[in-house]
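Me: I have a model open and would like to go through it. Can we take it piece by piece?

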Amino acid sequence: MSEILDKLFECVEFGKINAASPYPPQLKGQDGASEYTQKALAQGFSPAEIMDTALIPAMTKVGQKFSENKIFVPQMLLSAKAMNAALVYIKPYFSSGEIKRKGTFIMGTVNGDLHDIGKNLVCMMVEGAGWDVIDLGVDVGPEKFVESLKQHPDAYVGMSALLTTTMPNMKIIIDAIREVNPKTKIIVGGAPVSADFAASIGADAYAGNPQEDVEALERFREECA
Amino acid sequence: MDQLADFLHLDDEQHPAWQFASDKLEEIRSLGLKAEGCYRFFPVEKLDIREGTVAFPQGVLSPRPQVCGYLRDSAQAALFLCTAGFYFTDESHAYNSRDEILEGYIVDAMGSCSVENAMDRIQQQLSREMEARGLHISNRYSPGYCNWPLADQKNLFALMEGQPTPVRLSESCLMAPIKSVSGIIGIGEKVKKREYGCAICNNSTCIYRRLVHK
């Protein structure tokens with residue numbers, strides 16, 4: 001990898017947003033993710049190369065560090081800010097088709113539940129891993145999941161619940177999705193959810209943290225390839 | 001700030017999250033927000049540890065055997081409600097809607113700390129009142145923790161009908177404002193205050209265990 005992409009990787013990993021950002025101290029006074037992305041494009045690196053060799057691997061490393069308890073939510077969110085600063089210059093190439101996305105991921109917190117932190121972290125990490133993410137928000141019932149899936153029939157679906165009382169809604173949503181598209185791959189997660197529960201309601205995967213969502217999606221993609 | 005930093009696992013004062021949290025705490029203090037809470041006493045008719053139930057003349061709660069064990073020797077119980085209000089959740093959503101997710105997360109965490117701090121004060125006040133009468137109190141226990149089914153919160157709210165706080169319960173047992181707590185404290189001459197929280201809970205997948213013990 002070139003030096004400039006190495007630097008971009010480092011900025012995202014440690015949350016160096018731009019040149020004005022004083023954090024992290026070891027990168028103070030240097031360019032950040034914003035400047036390095038612009039420079040990489042100016043030097044002729046393709047947007048896809050920037051994504052595939054710097055941004056996505058950096059966020060993958062952040063996700064791994066989080067799942068290994070080496071960093072915590074604030075550090076992960078700061079990395080996401082640096083990633084977003086880079087994506088400002090990369091996103092226009094998403095719509096032009098110059099960067100091929102891995103697929104579409106529809107995500108929501110199930111009906112009856114208003115907790116959104118876990119869902120937001122998952123959306124952020126999945127997007128950082130190169131997926132288009134459709135965030136349906138909180139208190140999302142079967143109709144809204146199905147409607148979104150009709151618009152994006154090849155999408156994968158993720159759902160979150162933080163209450164034991166709303167966990168059963170996951171099964172209702174899964175059943176509704178299966179009626180429309182039996183092959184849709186579905187990931188469930190949230191504090192009270194377990195792998196056993198996920199299997200019992202017919203989900204295709206359980207994710208205990210955002211990185212596990214990313215890994216499950218990669219598995220699904222390989223299975224479909 | 002120290003409590004919030006612990007909650008967020010922040011140990012670097014130079015981290016932008018620390019700086020934001022510090023400034024935001026000052027801002028929130030200037031707003032003069034007040035947490036609201038209350039407790040109501042109920043005589044314990046029967047505490048069935050094996051069945052995991054506690055019966056009052058007005059109704060029955062089912063906190064399950066573990067929590068009932070911690071309420072052992074309670075002659076009465078104080079059921080409580082406490083809320084930090086809507087501010088924290090509204091403010092967190094406002095940050096998130098502007099893609100300021102780090103800030104949104106920190107404000108949400110502030111709400112969690114705020115309601116627990118308020119409940120600490122209420123518990124201390126209750127303890128002083130009871131100690132003055134020669135009685136002791138247990139720790140506080142809430143539906144959703146230590147295997148106490150969240151659904152039993154409906155029975156708790158029924159017992160607290162007419163309570164003066166703005167806390168309301170949804171069909172799915174989600175409290176509004178979200179930054180609220182409810183639960184039970186045992187009271188009696190021989191009641192002991194035991195450890196609380198993750199130390200006594202065996203829910204290994206709970207998000208709070210992850211937050212506190214990562």
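Me: How many residues does the contact take from chain A and from chain B?

Reply: The contact takes 24 residues from chain A and 26 from chain B, where two residues are in contact if their C-beta atoms, placed from the backbone, lie within 7 Å. This is a predicted model: local features need pLDDT of at least 70, side-chain atom pairs count only at pLDDT 80 or more, and totals for chains, interfaces and linings use all residues. Residues are numbered from 1 along each chain as its sequence is written, while chains are lettered from A and ligands numbered from 1 in the order in which they are written.

Me: Which element gives the most to the side of chain A that touches chain B?

Reply: α4 of chain A, with seven residues. The elements giving two or more residues to that side are α4 and α6 of chain A. Helices (H or I, at least four residues) and strands (E, at least two) are DSSP runs, numbered from the N terminus.

Me: And by class, what does the side of chain A that touches chain B have?

Reply: That side has 14 nonpolar, eight polar and two charged residues. Ala, Val, Leu, Ile, Met, Phe, Trp, Tyr, Cys and Pro count as nonpolar, Asp, Glu, Lys and Arg as charged, and the others, Gly among them, as polar.

Me: Switching topic. How is chain A divided?

Reply: Into domain 1 (3-96) and domain 2 (104-224), with bounds from an automatic or database domain assignment. The C-alpha centres of the two domains lie 27 Å apart. In the contact between them, 10 residues of domain 1 of chain A meet 10 residues of domain 2 of chain A.

Me: Which helix gives the most on the domain 1 side?

Reply: α3 of chain A, with eight residues on the side of domain 1 that touches domain 2. The residues of that side divide into six nonpolar, four polar and no charged.

Me: Now strand β1 of chain A. Why is it largely enclosed?

Reply: Six of the seven residues of β1(A) (residues 104-110) are buried, so the strand is largely enclosed by the rest of the structure. Buried means 20 or more other C-beta atoms within 10 Å of the residue's own, with C-beta atoms placed from the backbone.

Me: What does β1(A) pair with?

Reply: β1(A) pairs in the parallel sense with β2(A) (residues 132-140) over six bridges, and with β3(A) (residues 156-160), also parallel, over five bridges. Two strands pair if DSSP finds at least two bridges between them. A:Val110 stands opposite A:Val140 in β2(A), and the bridge partner of A:Phe105 in β3(A) is A:Tyr156.

Notes. A residue is buried if 20 or more other C-beta atoms lie within 10 Å of its own, exposed if 12 or fewer, and partly exposed in between; C-beta atoms are placed from the backbone.
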